[in-house]
Amino acid sequence: MYTIEESGEMNVELPVELSGAKSSTLMWAQEYDVDAKALQQLRNIAALPWVHGVRVMPDVHLGKGATVGSVIAMNQAVSPAAVGVDIGCGMEGVLTSLTASDLPDDLSAIRSRIEAAVPVGFRAHEDQVGVRRLGLDPRPWDKLWGEFTSLHDGVQDRERKAKQQMGSLGGGNHFIEVCLDDEDRVWLMLHSGSRNIGKELAERHMRIARDLPHNADLPDRDLAVFLSGTPEMDAYRRDLTWAQEYAARNRAVMLALVMQAVRESFEVDVRFEQPISCHHNYVAEEHIDGLDLLVTRKGAIRAGRGDLGLIPGSMGTGSYVVRGLGSERSFYSASHGAGRRMSRNEAKRRFTVDDLVAQTTGVESRKDAGVIDEIPAAYKDIDSVIAAQSDLVEVVAHLKQVICVKG
């Protein structure tokens, strides 16, 4: 169990109960380390009548509607805000046969090749990526597109855009990285989600939920829920499941494109292990405390016993490959990353391009004003976040990026 020392006084053991919460809310963080608005947001969530319990990860910070770094177990209900607008956002990583000695001194050409293969920011592919040419079985993608007409009527004109964005990164905190572990083995890792189509579906269902009568007296209308057995819940679960699959397929295409770009960058034969994949914005039906519940993880990964996961830090500090320890207390969960310690606007006010250059020394990456909001200092310390959840996960590998592609 992780303990922290408070100003030289007695050690405090994690997790701790959130003060003032109306349902069981365990935190793998101390209240004084969490923004007051985020704490109130957590109390609002815990006050919902359908909530069985809330679990708070050490990367916790304020989110839209529901807190990032929260795991919410509900009885016969789901709040779309507890999933977020980037439905199915998550990580993909793979160990390669390359080692540090195989890498050239100048990594800019590899970065450029990756950026040419995978559209970033608002860019998309001109045409739908043919997955067969990437060595992928096309049947899951065929099934996905065959279900598009069953989605919300409001997105039916978005199919072409969704197909063009399949295999694209996006912006914000999404990234593609080439990393080294402590044994100098090369890993590929990426972070992205369901792109614009996930956002479109999420926002439409959030608006529907806010107008339902049973949500009229909530402490925060953004926490509006759907109830099991209703057509609104059925429609949301249908679109949610589709968007989660889209996100996973998006990452699979991107990883295949990055693997191809890496192969083409070396004269030696490059081999790849089995990829590790995990969502960290999603809903799952799980058996917890003897009950069948709907569990939302917003900025959290599943950490059942033996589950492999990826927990990234910032673009200059490294990441971790972890294995879940199956903690029942945490609802079988762990953090999804380092977590922001300041808003994007505050980071832009506080830091300069020179600061960004200094904090990403040794990383082949963008070093311009467009990514100052992603500067490492805007994030919590990833090593401390990992240490705070030593009862939730064990470390498999520590990764340090040498190339970082941002949108």
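Predicted model: local features only at pLDDT ≥ 70, side-chain atom pairs only at ≥ 80, totals over all residues.
Residues are numbered from 1 along each chain as its sequence is written, and side-chain values use heavy atoms, with hydrogens and water left out.

**View 1. An open sheet of 6 strands, with mixed pairing.** The strand order is E3-E4-E5-E6-E14-E13; strands (E, at least two residues) and helices (H or I, at least four) are DSSP runs numbered from the N terminus, and two strands pair if DSSP finds at least two bridges between them. Strand E3 (16–17) and strand E13 (281–288) stand at the edges with a single partner strand each, so one side of each has no neighbour in the sheet. Further in, strands E5 (residues 51–61) and E6 (residues 68–74) run antiparallel and are joined by 6 bridges. Here Val56 stands opposite Ser70 in E6.

**View 2. Helices H1 and H6 against the strands.** Helix H1 (residues 36–46) packs on the sheet and touches strand E4 (25–27), E5 and E6; contact means heavy atoms within 4.5 Å. The direction of H1 makes about 160° with that of E5. Axes are lines fitted to C-alpha atoms, for helices over the stretch in contact, and angles run from 0 to 180 degrees between N-to-C directions. H6 lies across E13 and strand E14 (291–298), running at about 110° to E13.

**View 3. Helix H3 meets helix H6.** The axes of H3 (residues 139–146) and H6 (residues 231–263) come within 11 Å and cross at roughly 145°. The crossing is left-handed, meaning that the near helix is turned anticlockwise from the far one by less than a right angle (clockwise would be right-handed). From H3 come Pro140, Trp141, Leu144 and Trp145, and they meet residues of H6 including Trp242, Tyr246 and Arg249. The contact residues divide into 8 nonpolar, no polar and 2 charged; Ala, Val, Leu, Ile, Met, Phe, Trp, Tyr, Cys and Pro count as nonpolar, Asp, Glu, Lys and Arg as charged, and the others, Gly among them, as polar.

**View 4. Helix H2 crosses H6.** The axes of H2 (residues 108–117) and H6 come within 9 Å and cross at roughly 145°, in a right-handed crossing. Arg113, Ile114 and Ala117 of H2 make the contact with Leu257, Val258 and Ala261 of H6.

View 5. A cis peptide bond, with omega of about 10°, joins Leu14 and Pro15. Although Gln76 is not a glycine, it has a positive phi of about 60°. For background, most residues other than glycine have a negative phi, and most peptide bonds are trans.
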